[in-house]
Amino acid sequence: MIEALNLGTALVILALAVWTIAARDTFAAVVGFVAYGLLLTLVWVQLRGIDVALTEAALGGGLTGAMLIGAAARLRRTEGAARAQRPGVPTRVAAALLAGCVTATLAVAVLGLPDPAPTLAPETAANIAATGVGNPITAVLLAFRAMDTLLEAIVVLFALVGVWSLAPDRAWGGRPGPLQRADPDGILAYLARVLPPIGVVVGVYIFWIGADRPGGKFQGATILAAMWLLAVMAGLVDTPPIDRSRLRIALIAGPVVFIAIGAAGVAFAGAFLAYPDGFAKLLIKVIEWALFPSLAVTLALVVAGAPERTGT
Amino acid sequence: MNLADLFTVAAVSAGAVFFLAGTVGLLRFPDALTRLHALTKADNVGLGLVVLGLLPRVDDVLAGLELVAIWVLTLLAGAAVSQLIARAARRGGPPV
């Protein structure tokens, strides 16, 4: 029975993936992509990867979906013109060949993996007590593979720099996104008043629980960012001007603390991002606490977009 | 199979019927407003019955409250989002 359900889910996901690529309308493709992300969340739950499922739902489906819907809305005006410039047959054949080769190479690589796949799981499980953290995912992300997590946190910041660099010169330092005017008595404003108190509690809870159970800073920060974006869309608050120094400090505080603790590891524990004996859990907590607000602000501003208005 | 199990099977099955009916309505109804109507029935009543059916199976009161909270939040989101979609559809926004 469960096998049949799994097979059904896999087929639906594959069909939805093909449909998303084949859809001619950008908006429809984005909706397909969001549904695809939510179905993928079900797959991760089924694989007992609750942490990954939370991340996929929050970042893959939710935040990326919101960004893509914004992009689709912007492209709507020029979409007809873009479609008229359809590439010629040779270009399309070359693109299909390239994509086919990449897929075939990936398939060969995946099918060529040894069975059972090589794993570090036993060693990780044996050494997890040394970190003092209960959730193995958090232990791997912040103790055994801390470098990857550091780069992830910084890459989000780089993405924001990339978004901001799209600002026209006259708007540099101004407020991101268009001025939102929603009916102050409308349903959106109502939702933006009722939901954030609940959402903030849920976001902080998911961050807090991350040390011992599924959850963590990325998922929690995404929920906080979503609550703030909801209030922005309802016109209840405005986006801050990006030249405000308090905002910039909030953005870099998390990565700076992470790098500082990593550099201190060179002096006290003999390697970059190494934690001295007995301090692992404390330092992991400090890094998580520092990254959480920075990530929330960074993710929210990535979705808010490039500065468009000169604002004070 | 005791009484609690029977209750779970009955309520979750009834919820599934509402989800099925909502999906059929989504596919068969003629315009955006009636399709939204069908969809929110699936969310409100269907999910409500599923949650109701799962309540006897939870380990503690807190887990039960979590389930009910999920249902209430879905009600809130469903009601708000369907109003927003309906307004966009009436203004002739994205194709309906």
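Start with the largest nonpolar core, which has 53 residues; select A:Ala225, A:Leu295, A:Ala296, A:Leu299 and A:Ala300, the ones with the most contacts inside it. Such a core is a set of buried Ala, Val, Leu, Ile, Met, Phe, Trp, Tyr and Cys residues joined through C-beta atoms within 7 Å. Buried means that 20 or more other C-beta atoms lie within 10 Å of the residue's own, with C-beta atoms placed from the backbone.

This is a predicted model: local features need pLDDT of at least 70, side-chain atom pairs count only at pLDDT 80 or more, and totals for chains, interfaces and linings use all residues. Residues are numbered from 1 along each chain as its sequence is written, and chains are lettered from A and ligands numbered from 1 in the order in which they are written.

Next, colour helix H11 of chain A, which gives this core its largest share, 15 residues. Helices are DSSP runs (H or I, at least four residues) numbered from the N terminus. Domain 1 (1-76) and domain 3 (123-312) of chain A both supply residues, so the core lies between them. Those bounds come from an automatic or database domain assignment.

Now zoom in on A:Ala225. Leaving out residues up to four places away in sequence, A:Ala225 touches A:Ala296, A:Leu299, A:Ala300 and A:Val303; contact means C-beta atoms, placed from the backbone, within 7 Å.

Then select helix H6 (residues 136-144) of chain A, whose buried residues include A:Val140 and A:Leu141. Helices H5 (121-127), H7 (146-164) and H11 (280-304) of chain A are among what covers the buried residues of H6.

Finally, show chain B: the contact takes 5 residues from chain A and 5 residues from chain B. On the chain A side, H8 gives the largest share, 4 residues.

Key: Buried ≥ 20, exposed ≤ 12 C-beta atoms within 10 Å, placed from the backbone. Helix = DSSP H or I, 4+ residues; strand = E, 2+ residues; numbered from the N terminus. Contact = placed C-beta atoms within 7 Å.
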